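Reader: I am new to protein models, and I would like to learn how to read one step by step. Could you take me through the features in turn?

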Amino acid sequence: MADRTQYPHQVQVHPSSRYEGGMATLLPSKGPSTSQILAVVTLVPVGGILLGLTGLTLLGTIVGLAVATPVFLLFSPVLVPAAITVALAVAGFLTSGAFGLTGLSSLSWIVNYFKQGRTTMEQLDYTKRRIQERAAEAAAQVGQKTKEAGQAIQSKAQETKESART
C-alpha cells in the first residue's frame, strides 16, 4: 500500500505553440499579396453593382405588385374562371393520355398472352407439377440428412459405450 503512494502519477503538457494574445493574432504577420489586392479591387465593385441591382429588382417587384393588385381585383371575375378552365383542360389532356397508354399496354399484354398459346389450366398444371417435383426433391434431401445424422449419433453412442467398458 505504501508503494502506491510513493510514486504519484504526473502529467506533463508541452504546448506546441505559444499564445501571443492581443491584436497581433488578428492581423497577418505580413502584408497582403498582389493577387489578394487584385481580387479585392475587382470583387468589391462587382459586389456593389450586384447589390444595387438586387435593390432595384426588389423595388420594381413591389411597385409592380402595387399596380397589378387592383387590376387583378377588377378582372378576377374573368381571370379565376379562365384559370380554372385552363387547369381542367390540361388535366383532361393528361388523363386522356394516361388512359390511352393504359389501353395500349392492356392490348399488348392480351396479344402476347394469346401468342404464347397456353391456357390458364395448362399453366396451373405445369406449376403444380413443378412444385410437386421440388417438394419430392426436398423430402429426399431431408430424409438423407436425417439418415446420416442418425448414423452419426449411433456411431458416437457405440464409441462412448466402448470407451466406458475400457
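This is a predicted model: local features need pLDDT of at least 70, side-chain atom pairs count only at pLDDT 80 or more; totals for chains, interfaces and linings use all residues.

Reader: What is the mean pLDDT of the protein?

Author: The term pLDDT is the predictor's confidence in each residue, from 0 to 100. Here the mean is 83, and 81% of the residues reach 70 or more; confidence is lowest in helix H1 (residues 2–6), at a mean of 56, and highest in H2, at 89.

Reader: How many helices and strands does the protein have?

Author: Helices (H or I, at least four residues) and strands (E, at least two) are DSSP runs, numbered from the N terminus. This protein has three helices and zero strands, in the order α-α-α along the sequence.

Reader: Where does UniProt place the feature "transmembrane region"?

Author: UniProt positions are given in the numbering used here, with feature names shortened, and annotations may be inferred rather than shown by experiment. The unreviewed entry gives residues 37–59, 71–91 and 97–114. In the model, residues 37–59 are 100% helix, with end C-alpha atoms 33 Å apart, while residues 71–91 are also 100% helix, with end C-alpha atoms 28 Å apart.

Reader: Why does Val 46 count as partly exposed?

Author: Buried means under 20% relative accessible area, exposed over 50%, and partly exposed in between (1.4 Å probe, protein chains only). Val 46, found in helix H2 (residues 34–116), counts as partly exposed because its relative accessibility is 43%.

How values were computed: Residues are numbered from 1 along each chain as its sequence is written. Side-chain values use heavy atoms; hydrogens and water are left out.
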